[in-house]
Amino acid sequence: MVGYTHGNPSIQGSMSATTPAEYPHDVFVSYSHKDKAWVSGVLVKALRDGGLRVLVDEDGFAAGNSSITNMTDGVLQSRRTVAVLTQNWVDSEWSQFEGMLSVQQDPTGARGRLIPILREKCNAPPWLSLRTYVDCVNDATISDQMAKLVRSLARPLGAPDVVRTRPVGEGLRTMSELISAGHVREKLLEYELRFNTIVGLIHRLDAFKSVHDQLHHVQLHVYEAILRDAPRIADDDTAVDAIDYYSNDLQRAIGTLREIDARPMFENMRMAWIDTLAEAQKALAVAVKARDEKGVRGAARLLNRVLANEPARIDARLGEAAANLELEAVIDALSFVCRTGRELGMAAEKVLSLEHARDVMEALEENLGILVRGHRLWQDVEVEMRRIETNISAKDASELEISWSDLLKMVTVLWASPGDWVQPLRDDARSVDEAIAAGDPAQMNRFFVRFRKKANTRFFTVDTNLKEQCEELGTIGRPLAEVVEALK
Amino acid sequence: MSETPVTAETVKEAFPSIVELRATHTSLLTRQRKAMSVTDVADEARLFIRRARLTGVYLDADEQRDAAQGLIDYWSTTLVRASLGVNDSTLAEFDNSFAEKLEEHLCPYVGLTAFRESDSQKFFGRKRAVDAALARLRESHFVGVTGSSGSGKSSIVLAGIIPALKDGAIEGSEQWLYADPVTPGSDPLQSLAGIDALLQAGAGRTLVVIVDQFEELFTLCDDHQVRSSFAGRLVALASGALCRVVITIRSDYEYRLTTIPELQKVYSAGRIAATALDEDELREAIEKPAANIKLKLEPGLTDALIRDVKGEASALPLLQFTLWRLWKDRDRNRLTLAAYKKLGGGLAALERSADEVYRGFTPQSRDTMRRVLLRMVRAAAGAELTSNRVRVGMLVRSIGDDPQRIAEVLGKLEESKLIRRTKGKSGDEDTVEVSHEALIRNWPLLVGWLETKRGALVELRRLEALADEWLRFDRRGGYLDREQVEEAEAWLSSEEARDLSASESLQALVRESRKLVNSQRRVKHFALALVAVLVLAVMYTQWMKLRSERDKAKAEREADKAEIEAKIAAARAEELLGKVNKADYDAMQKYAAELKAEKEKTLQALALVEHRNSELQAALEARDAAEKELVEQKVEATQAVQRAMTPVLNRVITSQSERLLDATRWNLRSMTRPLRLGASIGSAGGATGSLCCAVTDGRTRYALTLPFIVSGKSDRVIQPGPGDGGTARSVIGTFARAGKDDYRSGALVALSPGVTIDSSLWRFGRLSGRTATVRSGDTLRMIARGSGITTGHVVEVRDDEILTDFQAEGGDSGAPVFNENNDLVGILWGSDKVTAIVLPIDPILRELGVKLVP
């Protein structure tokens with residue numbers, strides 16, 4: 001499986017290699033001794049069979065070390081850590097793990113390198129929600145899950161920004177070619193319904209994402225720009241021209257939104273708020289002509305009504321669609337045709353392209369999960385920040401004080417994954433901390449504003465990545481539809 | 001996004017303000033965090049959203065609206081993201097018709113008047129000044145708060161310092177005694193009358209004495225003696241362990257304190273300036289009182305007010321008045337920009353409101369209002385116009401209009417806060433005054449009336465001062481002489497005097513003086529009769545002495561003779577008295593009886609002496625002398641009696657000093673070129689006094705006068721002075737220099753090219769160019785801007801001043817005083833009603849290094 005990383009340059013190329021390569025172990029297993037039987041008998045065995053160098057305390061640890069040191073050593077010496085989540089683990093091990101992370105804010109970056117294996121339903125700590133669980137509750141699917149786990153543990157560290165999907169298209173076309181083989185067709189017919197659903201959801205995702213993009217655009221390039229220029233409208237011609245331009249921009253966005261709204265999938269959920277945007281645009285045009293600052297602000301307020309609520313709604317639908325997107329079906333189908341192709345003596349090149357397509361699909365599924373969850377989390381952060389921002393001033397920062405620890409927890413989860421943006425944001429967070437400790441509202445206000453700006457920039461990047469990933473996903477819609485077509 | 005309408009019914013659910021809204025949000029947030037799930041608080045969140053959006057009707061500030069909308073959005077988004085439904089989440093539009101109405105009596109602003117102690121809850125923005133004063137009071141026992149008119153000094157003391165002290169700002173100060181604040185008024189010593197009793201009653205507790213408007217000591221009290229005693233009393237109190245003294249004084253009168261050195265010393269150590277409020281303080285002064293009663297100011301209103309007031313040191317009464325007017329015009333619980341615009345913005349509120357009141361009257365009432373207000377203004381020393389407190393009864397009588405109408409006018413003025421009423425024992429005893437001098441300076445209509453009346457007001461002040469004097473002498477002295485009576489009568493019957501409505505006491509003085517003048521000749525006779533009686537008394541004494549000695553027979557003979565003479569004299573006196581009319585006769589009988597009693601006393605004293613041998617011998621010798629120089633003795637006795645009786649006789653009959661010509665008839669108060677000796681001069685914004693004469697140091701020609709006359713804001717000296725309407729066009733020169741003591745020395749005015757001084761002394765010729773010294777009894781003359789051309793006498797010669805019996809008036813300071821040879825002897829410095837002080841000329845010329853121009 002190690003060969004996977006070397007043999008698929010197209011995947012590797014899309015990943016950012018950010019980690020030092022030299023870890024003595026590929027994976028450290030953290031578990032509760034009460035779950036030892038399953039861990040040794042199933043998990044460790046599967047991992048070792050998959051060719052991974054596994055560190056697990058029953059045989060790798062020096063005797064006499066305290067368990068915290070053991071865990072720290074284990075995490076430090078391994079590229080990834082898997083935690084076997086059971087109530088036992090949460091009760092006995094979790095506090096130690098948390099304790100280790102709390103030392104200097106996770107110096108080992110352990111949080112980002114942890115993969116939780118859900119063995120039993122339990123009260124998992126919140127930040128783990130960002131990670132992709134490997135679901136091992138159901139023994140019936142364990143072998144598939146293990147194979148997937150092995151493949152993802154073999155991948156180098158660092159999530160790709162966007163997984164490129166071109167190989168999937170090729171794989172799917174190969175799949176179409178194989179459909180003529182009788183039992184292949186028979187087997188694939190089992191997937192037909194789910195493929196259809198996926199195609200529909202991909203369209204839907206695309207539409208939601210477009211709507212989201214339009215709103216994002218309106219927020220950044222119309223709403224905020226208007227507020228910035230409005231005070232000058234009475235006596236500065238350039239402000240008039242600028243706001244006039246924003247007004248046109250808004251009109252374009254409204255046009256695009258109306259086009260999306262007209263798509264059949266929106267039949268039962270027309271976006272009535274587009275009318276509010278249109279109303280705002282009309283008011284804006286009138287106010288610009290009259291150079292009426294109050295009018296401009298009124299229009300902005302109308303825009304804000306939409307921007308305050310709709311992105312969250314769209315986002316909720318987007319997440320819902322992504323969650324319902326059972327890409328698993330495609331992966332399974334690809335695995336199946338891959339095996340069958342090999343059995344049927346298909347050309348190695350074609351088999352390889354199927355394997356490649358499956359791997360990319362897995363990476364895509366994982367990345368999409370990360371992006372959607374990340375985006376959702378960022379959206380949560382944005383909602384919090386927006387509330388604080390509207391209720392904070394240089395004289396009264398109480399809203400920040402009551403919310404900051406929660407906000408910080410949410411953001412801490414986000415900056416668990418490494419990146420250049422993390423450190424500056426942390427610096428500002430520390431400044432906010434200090435200002436709160438000093439009880440200085442002016443400084444709280446100042447640093448919060450800085451913090452918010454940086455966080456927004458990052459959110460925008462996440463947003464862009466998700467959008468791009470959705471676009472990539474969109475490219476498999478057509479070949480997948482072709483597969484469905486071929487099945488008929 | 002459908003909007004549910006807000007109705008009187010639904011609005012009940014709204015939060016009373018953003019504060020409660022946020023508090024509910026915070027507690028909701030805490031519960032959500034605890035529950036770890038929105039679902040658990042979903043119903044509460046929906047309720048919050050509903051209530052919060054209704055609250056929009058109360059929120060008019062963008063910041064608050066954004067905050068409220070932000071919180072609503074947060075909860076609606078949170079619900080949406082948890083896939084929980086939510087209804088309307090748009091903040092309702094601001095609509096003040098739902099706001100609670102604030103009752104009139106809650107008014108948080110005081111209007112024009114200074115803050116009283118009871119207003120301390122409305123008093124904000126003065127922490128700096130109050131803290132500074134308290135710090136001083138911890139260290140020392142005297143604090144003087146100074147500032148221009150309208151700078152808020154009284155408020156700092158009454159509503160700031162005193163309540164803070166009563167609240168225990170200084171250790172133990174809550175236990176102190178607090179005397180009611182006093183103002184010096186025209187009888188300053190009386191105002192401190194109760195202090196001793198309080199000190200005693202306090203039994204060791206610290207007593208706080210507050211003297212507000214200390215400048216009245218200079219504007220309303222003309223007696224230097226009284227001033228010093230008053231100041232001395234305060235200094236004594238402040239240096240005692242058991243007293244704290246706090247005074248307020250207008251900064252333009254601060255310099256007058258230099259005339260009372262012992263007070264000046266304590267004052268400069270405890271001086272605190274009421275400086276203009278800075279922006280933050282103004283904001284506090286405007287917003288805090290409102291916040292206390294949940295009164296709101298439309299966004300931008302505070303900023304507009306601050307913009308208009310900032311940097312104006314004297315604008316506080318105007319600001320308070322504007323705020324009070326805005327309160328009157330409030331929209332339920334809100335002061336609005338629209339109301340502010342309607343008031344004319346800026347500080348025009350006072351003008352607009354006062355005009356409005358005026359226009360609201362019938363023409364008749366308008367006239368009454370004008371006269372009522374004119375009555376509440378008087379000229380202070382130096383012709384400055386200040387507020388005048390008058391009793392309602394007196395006002396009604398002196399104006400002479402329908403009392404009903406006057407009452408109505410007063411009521412309306414009071415209701416509009418333009419005047420202030422202080423309750424007296426009865427309605428007639430109530431006093432009224434303009435709420436603040438700001439009205440006198442800032443209401444164009446009144447300013448206009450006053451401009452045309454300034455001269456008349458000054459004249460009225462002069463006459464009323466005479467009337468006050470007369471009352472102070474219990475109507476026994478201080479009558480007007482013939483010329484004064486004629487002048488006063490002419491003036492009182494003039495149009496302008498009727499407008500100003502002379503006080504009852506002045507009218508009475510003129511009436512009584514007229515009677516007296518009519519009987520003047522007879523009075524003179526009567527005086528002679530009195531003299532005769534006194535002479536007889538002296539002679540009788542002599543005879544008594546003789547009788548007790550040898551030569552009884554001779555003595556008896558002489559006694560018979562004396563008795564006969566006495567009878568003759570008495571008969572003659574009675575005959576003379578018979579000619580005096582009945583009223584005068586009664587008054588004089590009473591007076592004669594007093595004199596007689598006096599005589600009895602003298603006789604008794606002498607009777608005691610009778611028994612002493614040494615005295616006997618002297619008496620015998622005196623008898624010889626008496627016999628020998630009977631005529632001479634008679635004259636001497638007459639003179640002695642005259643001297644002894646001078647002060648009394650002066651007032652009963654006529655002044656020793658005599659007015660020869662009114663100032664206006666010698667054009668001393670108008671512009672004259674060449675300049676006349678004694679002409680009105682001064683500097684812009686300063687006092688008005690008299691020009692003394694021309695002097696020179698060999699290079700430059702100067703006009704000589706006194707320093708405080710030319711100590712105004714400008715160095716440019718004008719003739720006539722500002723009190724007589726002098727303007728920049730009347731410049732005669734520039735202030736050059738003055739002697740070391742800036743109060744009791746000379747001042748030189750370098751004359752502009754072309755300006756010359758005519759040294760004419762009216763019918764007496766011209767100034768001789770020489771100086772001279774004087775002796776007691778010398779006859780002097782003076783030409784002065786106030787009293788005109790008068791003649792008087794030297795009463796006493798002191799080291800550095802000459803006391804004279806000139807009856808000086810306002811504006812006389814600086815006038816030349818010369819003897820019968822037309823030699824200059826001094827410069828008139830100042831006066832009380834009995835004595836005028838003249839500074840000898842030689843030391844002044846010596847110090848300045850100048851000589852008289854020959």
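In which sense do strand S3 (residues 78–85) and strand S4 (residues 114–118) of chain A pair, and over how many bridges? Please keep in mind throughout that this is a predicted model.

1. The sheet in chain A. To take up that opening question, S3 and S4 of chain A pair in the parallel sense, over five bridges. Within this pairing, Leu85(A) has Leu118(A) of S4(A) opposite to it. Both strands belong to an open sheet of five strands with parallel pairing, in the order S2-S1-S3-S4-S5 (chain A). At the edges stand strand S2 (54–56) and strand S5 (134–135) of chain A; each has a single partner strand, so one side of each is left without a neighbour in the sheet.

2. The contact between the chains. On the chain B side, 20 residues are in contact with 15 residues of chain A. Helix H1 (18–35) and helix H3 (62–81) of chain B each supply at least two residues of the side that touches chain A. The largest share comes from H3(B), with 12 residues.

3. A buried strand in chain B. Strand S4 (residues 243–250) of chain B deserves a look: eight of its eight residues are buried, so the strand is largely enclosed by the rest of the structure. Both faces are covered, with Cys243(B), Val245(B), Ile247(B) and Ile249(B) buried on one side.

4. Strand S1 (residues 142–147) of chain B pairs with S4(B) in the parallel sense over six bridges. Strand S3 (residues 207–211) of chain B also runs parallel to S4(B), joined by five bridges. Val245(B) of S4(B) is the bridge partner of Phe142(B), and Val245(B) is also the bridge partner of Val209(B).

5. One side of a helix. Which residues of helix H21 (residues 482–492) of chain B are buried? They are Gln484(B), Val485(B) and Ala488(B). These residues cover an arc of only 100° around the axis, which puts them on the same side of H21(B). Their cover includes helix H20 (444–472) and helix H23 (504–518) of chain B.

6. Two cis peptide bonds. Most residues other than glycine have a negative phi, and most peptide bonds are trans. Against that background, a cis peptide bond joins Arg673(B) and Pro674(B), with omega about -5°. Pro674(B) sits in the loop between strand S13 (658–661) and strand S14 (675–676) of chain B. Another cis peptide bond joins Gln719(B) and Pro720(B), with omega about 0°. Pro720(B) is in the loop between strand S19 (716–718) and strand S20 (731–738) of chain B.

7. Two positive phi values. Lys417(B), a residue other than glycine, has a phi near 60°. Its place is the loop between helix H18 (403–415) and strand S11 (419–422) of chain B. Is Lys417(B) buried or exposed? Lys417(B) has 23 other C-beta atoms within 10 Å and is buried, since 20 or more are required. Trp762(B), not a glycine either, has a positive phi of about 55°. Trp762(B) lies in the loop between strand S22 (757–758) and strand S23 (779–784) of chain B, and with 16 C-beta neighbours inside 10 Å it counts as partly exposed.

Notes:
Residues are numbered from 1 along each chain as its sequence is written. Chains are lettered from A and ligands numbered from 1 in the order in which they are written. This is a predicted model: local features need pLDDT of at least 70, side-chain atom pairs count only at pLDDT 80 or more; totals for chains, interfaces and linings use all residues. Two strands pair if DSSP finds at least two bridges between them. Helices (H or I, at least four residues) and strands (E, at least two) are DSSP runs, numbered from the N terminus. Two residues are in contact if their C-beta atoms, placed from the backbone, lie within 7 Å. A residue is buried if 20 or more other C-beta atoms lie within 10 Å of its own, exposed if 12 or fewer, and partly exposed in between; C-beta atoms are placed from the backbone. The arc is that of the directions from the helix axis to the C-beta atoms.
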